[in-house]
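Keep the picture in view as you read.

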Amino acid sequence: MTPDVLFQQLWNDYIQRLCPSAEKVHQLLQENEALINDHIALRTFNVEPLGIATLAQPFLDAGYKPCGEYVFESKKLAAKHFEHPDPKQPKVFISELKVDECSSELQAIVAKLVEQVDSDKLKGHEFLYGGRLWDLSYADFQTLAKESEYASWLAAHGYGANHFTVSVNQLNAFDEVKGVNDHLRSAGFTINEFGGEVKGSPDVLLEQSSTMADKVAVQFTEGSEIIPGGFYEFAKRYPMSNGELYPGFVAASADKIFESTNG
């Protein structure tokens, strides 16, 4: 499995199921060459067999290597990012909810979901863009949402790219993340303003922004409901002292990017 094939499958799922507006973003930002995808993000629970290691395996098989590790105390999340030896390949950011630090009510609902998982389906790579591996009631979704938006999003959507990311460094029409935001706003998009519309700064070698998530229909046991899906991110990286662009992530900024899926 080559990275190109894997990311094409993730992209197809992302624009069909999670973030249909991504195609319009492409039309607004596309120049002469294909847009460079800086990174994608995936969410999971830290419960066997669904932890970061399981989601990372298909990427490791495709040549990726583990790099930075991150902790988000208030959201009870841990994360790792992975890079491919070919710098043109997107980075992969995988986070997991520390279920054991959550309420007994949340733990019970997650346990109910995990019980339904057929572990054989985790052996390939198709599960990464296959959606839910369990049935979920809207009542349980609402209970999860009161405690952890992250948990409710993951329970509702299952596996797939939470977001793709346009590399602003590549764009000729825009030098700054703010310019991309203004362009998208004028086209009707809502920008995530949690913690400011541009997260990060040249001082931390990374600036990021994102749209607020699309609203998409999701099937629950009681019927279909409209909830937040995926969003699109924009990242500008700055050179380190060795002249190479900073390849990592900034936890304080990523913490606010998570807010893009808040209803």
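In this predicted model, start with helix H4, residues 104-114, and helix H5, residues 138-147. Their axes lie 10 Å apart and the two helices pack at an angle of about 135°. Angles from 65 to 115 degrees count as roughly perpendicular and those over 145 as roughly antiparallel, so H4 and H5 are oblique to each other. The crossing in which H4 passes H5 is left-handed. On the H4 side, the contact is made by Glu105, Leu106, Ile109 and Lys112, while H5 brings Asp140, Thr143, Leu144 and Glu147. Sorted by class, the residues of this contact are four charged, three nonpolar and one polar.

Now turn to helix H1, residues 3-18, and helix H2, residues 22-29. Here the axes are 8 Å apart, and the packing angle is about 110°. H1 and H2 are therefore roughly perpendicular to each other. Look for Trp11, Tyr14 and Ile15 in H1, which meet Ala22, Glu23 and His26 in H2. Four residues of this contact are nonpolar, one is polar and one is charged.

H2 has another partner to find: helix H7, residues 177-186. The axes of H2 and H7 come within 11 Å and cross at roughly 115°, and this crossing is right-handed. Val25, Leu28 and Leu29 of H2 make the contact with Val180, His183 and Leu184 of H7.

What about the interior? In soluble globular proteins, nonpolar side chains tend to be buried together. The largest nonpolar core in this model has 75 residues, and those with the most contacts inside it are Leu10, Tyr14 and Phe59. H1 gives the most to this core, with seven residues.

Finally, find helix H6, residues 149-157. Eight of its nine residues are buried, so H6 is largely enclosed by the rest of the structure. Among the buried residues of H6 are Tyr150, Trp153, Leu154 and His157. Just after H6 comes glycine 158, which takes a positive phi of about 70°.

Note on methods
Residues numbered from 1 in each chain as written. Predicted model: local features only at pLDDT ≥ 70, side-chain atom pairs only at ≥ 80, totals over all residues. Heavy atoms only, no water. Axes fitted to C-alpha atoms, helices over the stretch in contact; angles between N-to-C directions. Helix = DSSP H or I, 4+ residues; strand = E, 2+ residues; numbered from the N terminus. Parallel < 35°, antiparallel > 145°, perpendicular 65-115°, else oblique. Left-handed = near helix turned anticlockwise from the far one by under 90°. Contact = heavy atoms within 4.5 Å. Nonpolar A, V, L, I, M, F, W, Y, C, P; charged D, E, K, R; others polar. Core = buried A, V, L, I, M, F, W, Y, C linked by side-chain atoms within 4.5 Å. Buried < 20%, exposed > 50% of the residue type's maximum accessible area, 1.4 Å probe, protein only.
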